[in-house]
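I opened a notebook page for this structure.

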Amino acid sequence: NLTHLTYTPQFDCSNFLAMARITVLPDSNSIGTVDVRQLMEGRGELPAIDPESLAPSGLRSLVVNEDPRMVAVPQFLSPQECAHLVELSEGNWIRSLVGQLADKNRDGPEGAKVQSAKAKTRTSSSCSLRPAQTSIVQRIEHRLAQLAKLPLDTLERLVVVRYAPGQEFSVHHDGKFRPITVFVYLNELPDGAEGDTFFPHLGLSFVPRTGCAVMWPNARPDGLEDSRMVHAGRPPLTGIKLGVNCFFNIDNKRQVCSPSMNLAAADAYLVDLEQLARSGAKEGEEEEEQTTSADGKIRVRRKTFTLDTEPPLRAVPGFASAEEV
């Protein structure tokens, strides 16, 4: 069911694999275009969207490659969930970073450390979401864990990515420390706009479709990088491409550590911020000071109280107004 085209190799993978040690394999001589919209033709309707949770009432998974096993899930997210993730990201975009090995010539007991840095090979924008940031995000995270069949605690923070025309992420590998990657498209592009996710060795090109998830493994059974899984987020010619990176890690990424208490909670010093603000203000003095700048803008200066210096702990009474709360 895949559309095959002849392909002339365009990439030198050796320049872009900063986060993994891989064997550079030959590119495929043809491309199979994976479009879930075409794959679903004649397969019936997709499960309905639940009107209360706004989540799909079920999932349909399509195996598009057996070895390595790659799965496409049309409507993994509903259009409403896609719009919600984009809304959370707006106004919070930063330049996307690339993971690089801190010491490419040495492996430590846990493997070489990975550091993040800007790179010419990745020019998109990103926004990291907080774990369980909203009830919708929390439901999506649980759905991802069910799809990957991995513990929720190993799921990294979801990272929404934005590709403007010409922006890309050149050929790269997600790293052996991430056994599973799930990439979900949050929108579609105009016909002919490209912006696909491309696996050069496997010869597979995934067309962005709203809510579609693509899942693949990054490591071999022996734990080393699977060199076949190098891929690229190719630039859209027109329009904005939006998606979300969902990485499962070999380590627990959501462990909550209970702090040790050296005294009973009942014996702890109680800080009343409202009383602190009143006691710190001179008679007739307001808890916050308003000034007008040269450009006519009103600036608010609030009092800050240092409660401890090691570790530094500060309190700002009235930081949010009653209306904001």
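**Overall.** I am working with a predicted model. The protein has 325 residues, and 42% of them count as buried. I then checked contacts between residues at least 6 apart in sequence: 73% join residues at least 24 apart.

**Cores.** Which residues have the most contacts inside the largest nonpolar core? I noted Leu-85, Leu-144, Leu-158, Val-182 and Leu-186, in a core of 30 residues. Elements giving two or more residues to this core include the helices α2 (79–89) and α3 (135–148) and the strands β4 (70–73) and β11 (180–185). β14 (213–217) and β16 are also on that list. α3 gives the most, with seven residues.

Leaving out residues up to four places away in sequence, Leu-85 touches Leu-77, Leu-129, Val-137, Ile-140, Val-160, Leu-186 and Val-244. Another core lies apart from the largest one.

**Surface.** I turned to the outside. The protein exposes about 18800 Å², and carbon and sulfur atoms supply 49% of that area. I found a nonpolar surface patch formed by Tyr-269, Val-271, Leu-273, Leu-307 and Leu-313. Together these residues have about 500 Å² of accessible area.

Where does Val-271 sit? I placed Val-271 in the loop between β16 (241–248) and α4 (273–280). Its relative accessible area is 36%, so I logged Val-271 as partly exposed.

Conventions: Residues are numbered from 1 along each chain as its sequence is written. This is a predicted model: local features need pLDDT of at least 70, side-chain atom pairs count only at pLDDT 80 or more; totals for chains, interfaces and linings use all residues. Side-chain values use heavy atoms; hydrogens and water are left out. Buried means under 20% relative accessible area, exposed over 50%, partly exposed in between (1.4 Å probe, protein chains only). Contact means heavy atoms within 4.5 Å. Accessible areas come from the Shrake-Rupley method with a 1.4 Å probe; for residues, only the protein chains shown count as cover. Patches are made of residues with over 30% relative accessible area and no salt bridge: like charges are joined within 9 Å, nonpolar side chains (Val, Leu, Ile, Met, Phe, Trp, Tyr) within 5 Å. A salt bridge is a side-chain nitrogen of Lys or Arg within 4 Å of a carboxyl oxygen of Asp or Glu. Helices (H or I, at least four residues) and strands (E, at least two) are DSSP runs, numbered from the N terminus. A nonpolar core is a set of buried Ala, Val, Leu, Ile, Met, Phe, Trp, Tyr and Cys residues joined through side-chain atoms within 4.5 Å.
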